[in-house]
Amino acid sequence: MSKAPQQDRLKLRRSKSRQWLGFDTQRLLKLFFGGNAVIAVIVLLLITFFLFREGLSFFPQYQKNMEQYRRSGMEFTSLVNEEHERFNQLFRSLVDIRKLQIEQLTAQGLSHEEIAQASAALRERIYAFSELAVPLRNYQRDVRNITRDTYALAQADLEDEATMAQHYDNTIAALRATFSTYEEINRQLVGSIEAQLALMPDFEGTGLQARAKDFRQDAEQFIVSLPTYQARLTAWQPVKEVSLWEAIASFLFGREWIINNDGHSSYGLLPLLTGSLLVTGIAITLAIPLGVGAAIYTNQMALRGEANFIKPFIEFITAIPSVVIGFFGITVFGSAIRWLSQQSALDWLPFFPITERLNAFTAGCLLALMAVPTIFTLSEEALNRVPKIYKETSLALGANRFQTTMRIIVPTALSGIISAVLLGIGRVIGETMVVLLCAGNRIQIPQLSEGVGVVFEPVHTMTGIIAQEMGEVAQGSMHYRALFCVGIVLFVLTLLINYIAQKLFQHERVGD
Amino acid sequence: MATMRDNPFLPKPSTSRVLETFVRGLFRGLTYLILLCASIIILTIVYKGSQTVFQLSWPFVNMEFLTQAPETLHVFEIDGKTVEMGDKAFRAAYEDKGLMSPISRTYALAGGGIFPAIIGTLLLVAGAMLIAMVLGIASAIFLSEYGKRGPVLRLIRLSILNLAGVPSIVYGLFGFGLFVIFLDFNKSLLAGWFTLAFMVLPVIISASEEALRSVPKGFREASLALGATKWTMIRTSVLPYALPGILTSSILGIARVAGETAPIMFTAAYMLRDHLPWQELNHWYDIMFQGVMALPYHLYYVSAKLPQNEYTERMQYGTALVFLILVAVMALTSILLRIRSRSRHNW
Amino acid sequence: MSTCYTIHHTRKSVLSALAALLALTLLAPQSLADKIVVKGSDTLGAKLMPRLKEEFVAQEDGREVDVTFEIAAEGSRTGITAIIDGTADLAMSSREVQSSELIMARKRGVNLRAIPIGVDGIAIIVNEANPLTSLSSREVEMIFTGDIEDWSAVTTMSGKISPYTRNTSSGTYSTFQDLALYQRDYAPRAQKLAGNEQIAAEVAANPYAIGYVGLAYTHTPGVKVLPIDGKLPTDYQYPYARPLYFYIDAAKKHSEAVQEFIDFTLSPEGQSVVESVDFLPVSRIKELFPELARE
């Protein structure tokens with residue numbers, strides 16, 4: 001009896017745990033934590049699942065849509081449009097003559113009125129020439145009007161199969177009836193182009209003459225190529241089926257992202273993907289030397305007090321919200337870049353001066369600043385983790401500090417640094433606000449023919465398009481799903497980058 | 001000079017030495033270039049914004065800007081002087097007195113202040129962090145203390161780590177699809193809370209777990225050896241040491257939640273909402289279904305959709321500064337905390 | 001045994017979590033009597049709507065219950081979509097409803113009703129430094145579809161044209177496509193900007209730029225409005241004039257506040273606000289769009 005209270009006082013005995021609804025506290029706590037973990041995992045799974053469910057159902061829908069597009073005869077407009085585009089190319093080579101002429105006249109110091117007078121004859125030709133395409137344009141509109149209702153009806157999915165087939169047949173029949181008009185238009189086009197060529201004024205100077213000659217040659221080629229367009233139209237098959245692969249390919253490799261709310265939209269990823277890659281490329285090219293250089297400097301060369309000041313400062317950059325950086329870009333930085341490009345001291349650069357202040361470069365520079373903290377912090381950490389013994393051994397063997405840094409420490413930490421750069425890329429590619437505000441939002445594949453000047457082209461990005469168009473879409477519509485599809489591409493891309501970065505990181509951990 | 005050259009202990013000038021000086025200078029230059037660029041951005045916003053947010057006389061901050069809702073700014077000329085007035089003042093001065101109002105140029109949102117946006121951001125952050133921290137920290141405790149080590153746990157950990165890098169816009173897309181449309185929350189605080197919470201969840205879980213795992217095993221073993229139950233062990237021997245790390249990650253999470261625009265653009269934020277979320281409700285819980293104005297979205301809106309001129313610029317920079325201060329204070333706390341905790345625990 | 005236990009209870013906790021979510025969902029469709037959710041056009045939303053709202057609230061000051069406005073202006077399509085989805089009470093639109101939207105609305109049992117509230121002319125603006133003084137509608141079409149890519153085709157200046165358009169959700173974007181481009185697609189070169197003000201600002205700063213904006217945005221310094229086929233946007237028979245609309249779901253019962261707000265907009269006070277931001281009043285619709293008035 002006397003022993004028991006002593007034991008109590010020592011509190012060595014496990015106190016009898018309280019019971020709640022038949023569970024003891026320990027189990028309840030475990031359940032609480034476990035439940036939370038399960039919810040968290042489920043939520044994260046749900047995100048992935050939801051994203052893929054919404055996104056992947058885009059492809060069958062797009063396939064169906066492409067089929068409707070074809071069967072309703074709407075596709076016919078795009079075929080006519082190809083000829084129109086070819087004509088425009090010819091037209092542009094005519095404009096090129098005047099462009100050179102104006103540049104020459106401006107260089108002579110003429111005023112706008114004098115230039116107008118001097119190139120009036122050519123202006124007249126351009127004007128007349130532009131009118132030649134009008135019948136072709138009107139024909140396109142007519143075709144669109146014939147097919148539009150059927151196409152809209154097909155999309156609405158209200159009619160049954162047989163009625164729809166009937167609608168399709170009627171439309172195609174109506175369309176075929178217009179073929180003779182089309183042939184007539186082309187016949188007239190040949191005649192009027194020849195008439196216009198006869199009216200072309202003569203030019204002085206070899207440059208202008210050469211361009212005029214190019215134009216004539218191009219016009220002849222155009223006339224020769226006309227029958228092939230016509231043949232393609234006759235051979236066009238409105239009942240050819242569209243496979244799922246075709247839909248997937250036209251999303252992944254489509255060169256056009258055109259939203260036509262009242263007609264056919266095409267969802268091609270390439271302009272957005274290339275835009276994202278261009279911006280990311282610019283940002284990373286700038287951020288790697290800055291981030292890695294700063295990491296090496298801070299870790300290996302800086303004075304102690306200096307490092308203590310640099311590190312928190314660079315980490316602090318993470319705290320600047322992206323929309324603030326975008327705001328700075330749109331108010332100050334973009335204009336500053338353009339102002340700089342207009343300085344005569346920089347005229348020797350082939351792509352200066354630039355006209356657009358919002359372009360890939362503006363966005364890239366700002367994103368570089370946002371990638372720097374990630375790259376810096378992780379690279380610095382990687383350098384830090386290089387075992388001391390490496391450094392000591394190197395120094396003992398007679399290498400100086402600089403050699404040790406560059407030849408021993410940096411190569412050892414290299415996989416960590418690469419992983420840091422990868423994570424930086426992941427951060428930049430997923431950034432939204434800066435590109436939305438500062439990249440210029442031009443949905444076109446950057447034209448590499450411009451050389452380095454390509455970096456000053458406005459682009460649109462995957463993140464930007466989601467942010468810009470997400471609010472306008474109705475649930476379940478194709479556009480909505482297309483945006484989810486872009487989301488999946490982003491998701492997979494960043495996941496892949498992160499995964500590789502982590503593998504590299506672990507690899508390095510194992511190494512030491 | 002001659003003596004110096006004769007000194008055999010002085011290092012000889014060599015290409016490698018020149019290279020060293022050059023590279024060192026280059027790296028130093030790069031480092032300071034980063035600091036310079038960041039400083040330019042911050043200082044521009046602080047300089048221009050402080051003219052709106054602060055003033056020279058008592059109470060030194062522009063109370064109107066911080067406590068009023070945005071309104072249209074009227075700019076007009078009287079007796080050759082340019083006068084600016086917010087919409088309410090303009091009305092009070094003219095229309096309510098029955099006077100003919102002068103012809104004025106108007107600038108939407110340029111007058112008044114940004115109070116609803118500040119409140120909206122605070123509400124969004126508070127709700128999102130509550131959800132994210134409860135879920136995140138509890139999950140982290142489970143993963144590091146209770147979970148059986150094995151391939152499943154590794155897989156979960158890896159996926160969470162990877163999800164942390166998924167762009168915020170993708171979470172926005174998800175939140176828009178699931179909460180706003182599928183669950184019919186509409187644009188509301190609730191949809192915003194969940195979207196933001198799920199966005200930071202992976203960050204909080206992985207950072208908290210790392211903090212928990214960095215507590216040496218010996219602490220746990222010692223505690224268990226003394227007869228403590230598992231929970232007592234966690235409570236007394238693990239959590240206190242992991243707390244700074246968890247706190248740091250949470251504060252960083254707050255900064256991220258407050259700073260993101262993309263996820264709330266289509267889930268919670270309105271360009272203009274003239275009542276605060278708790279006003280004019282039928283039921284108290286309706287607050288969850290109110291949309292709000294939020295600082296990041298407001299800043300996006302006014303910088304993308306409003307002109308930049310002398311009248312609107314003040315409000316734009318003022319918003320940017322208030323927002324920057326709000327986020328920067330949180331981030332700075334977290335950075336300082338991390339530095340302190342780094343130096344304190346060196347097991 | 002114990003794992004079995006855990007799994008069982010894990011499932012239980014998952015279920016309860018889902019139940020909690022479900023409960024929240026059930027609470028969700030509580031809309032407030034005096035809240036007006038307005039979504040839609042930026043043309044209307046960035047300038048006119050805040051002014052209308054202020055004026056309306058000032059007029060209603062004596063009332064017992066205040067009206068709460070929630071306004072989001074991301075483009076006409078967002079507004080009409082929101083009406084169809086039931087997430088807004090009132091849509092601002094700078095264009096008529098499109099066939100695809102009508103079909104969608106019919107599917108969901110939504111009856112879209114258009115209420116014209118004013119008239120806007122889409123003004124074509126260029127930089128002040130541009131020697132152009134006028135354009136023909138054919139030239140406008142060719143510039144915005146990308147047929148013409150260089151200024152030398154239409155004026156005495158050479159250099160690549162930078163066309164600025166609105167983003168795809170904008171009503172101005174589709175209306176312009178109908179009125180000016182013969183429904184052709186925009187040039188891929190065209191940059192899609194978020195708002196009228198931004199287009200005006202970019203055009204003011206870029207001598208090679210051309211863009212279109214609503215009438216309310218033509219006073220930006222540094223830009224000039226071009227007459228099209230000899231007509232200014234405020235003129236009779238300007239080719240790019242268009243009515244501005246509110247859309248509501250006529251199949252749904254509306255709160256009084258929505259009706260009051262619409263009435264206010266159409267009242268003389270409301271129309272004077274419309275005019276004060278440089279749009280034309282709805283009374284001119286008859287004169288400008290005879291075919292609309294007949295309907």
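**Predicted model: confidence, contacts and packing**

Visitor: In chain B, which helix has the lowest confidence and which the highest?
Guide: Confidence is expressed as pLDDT, the predictor's confidence in each residue, from 0 to 100. Helices are DSSP runs of H or I with at least four residues, strands are runs of E with at least two, and both are numbered from the N terminus. In chain B the lowest mean, 56, belongs to helix 1 (residues 2–6) of chain B, while the highest, 89, belongs to helix 8 (residues 189–213) of chain B.

Visitor: What pLDDT do local features need in this predicted model?
Guide: Residues are numbered from 1 along each chain as its sequence is written, and chains are lettered from A and ligands numbered from 1 in the order in which they are written. This is a predicted model in which totals for chains, interfaces and linings use all residues, side-chain atom pairs count only at pLDDT 80 or more, and local features need pLDDT of at least 70.

Visitor: What is the mean pLDDT of chain C, and which element of chain C has the lowest confidence?
Guide: Chain C has a mean pLDDT of 79, with 84% of its residues at 70 or more. Strand 5 (residues 123–127) of chain C has the highest confidence in the chain, at 92. The lowest, at a mean of 48, is in helix 1 (residues 2–27) of chain C.

Visitor: How many contacts does the stretch of residues 24–33 of chain C have beyond near neighbours in sequence?
Guide: Two residues are in contact if their C-beta atoms, placed from the backbone, lie within 7 Å. Over residues 1–12 of chain C the pLDDT is below 50, and that stretch has 5 contacts beyond near neighbours in sequence. Residues 24–33 of chain C also have pLDDT below 50. Beyond near neighbours in sequence, the number of contacts for residues 24–33 of chain C is 14.

Visitor: What percentage of the residues in chain C is buried?
Guide: The secondary structure of chain C comprises 12 helices and 11 strands. A residue is buried if 20 or more other C-beta atoms, placed from the backbone, lie within 10 Å of its own, exposed if 12 or fewer do, and partly exposed in between. Among the 295 residues in chain C, the buried share is 54%.

Visitor: Is C:Glu287 buried or exposed?
Guide: C:Glu287 is part of helix 11 (residues 285–288) of chain C. Its C-alpha atom is 32 Å from that of C:Ala72, 215 residues apart along the chain. Because C:Glu287 has 12 C-beta neighbours inside 10 Å, the residue counts as exposed.

Visitor: How are helix 9 and helix 10 of chain C oriented to each other?
Guide: Axes are lines fitted to C-alpha atoms, for helices over the stretch in contact, and angles run from 0 to 180 degrees between N-to-C directions. Helix 9 (residues 256–266) and helix 10 (residues 268–276) of chain C pack at about 65°, with axes 4 Å apart. Angles under 35 degrees count as roughly parallel, over 145 as roughly antiparallel, 65 to 115 as roughly perpendicular and the rest as oblique. Helix 9 of chain C and helix 10 of chain C are therefore roughly perpendicular.

Visitor: How are helix 7 and helix 8 of chain A oriented to each other?
Guide: Helix 7 (residues 134–156) of chain A packs against helix 8 (residues 161–177) of chain A at an angle of about 170°, with their axes 10 Å apart. That angle makes helix 7 of chain A, relative to helix 8 of chain A, roughly antiparallel.

Visitor: How many nonpolar residues does the side of chain B that touches chain A have?
Guide: Contact joins 70 residues of chain B to 72 residues of chain A, and helix 2 (residues 15–53) of chain B gives the most to the chain B side, with 15 residues. Ala, Val, Leu, Ile, Met, Phe, Trp, Tyr, Cys and Pro count as nonpolar, Asp, Glu, Lys and Arg as charged, and the others, Gly among them, as polar. The side of chain B that touches chain A has 15 polar and 4 charged residues, and its nonpolar count is 51.

Visitor: Which element gives the largest share of the side of chain B that touches chain C?
Guide: Here 30 residues of chain B are in contact with 33 residues of chain C. The chain B side divides into 14 nonpolar, 7 polar and 9 charged residues. Its largest share, 3 residues, comes from strand 3 of chain B.

Visitor: How far apart are the C-alpha centres of domain 1 and domain 2 of chain B?
Guide: Domain bounds come from an automatic or database domain assignment, which divides chain B into domain 1 (70–112) and domain 2 (115–344). The C-alpha centres of domain 1 and domain 2 of chain B are separated by 41 Å.
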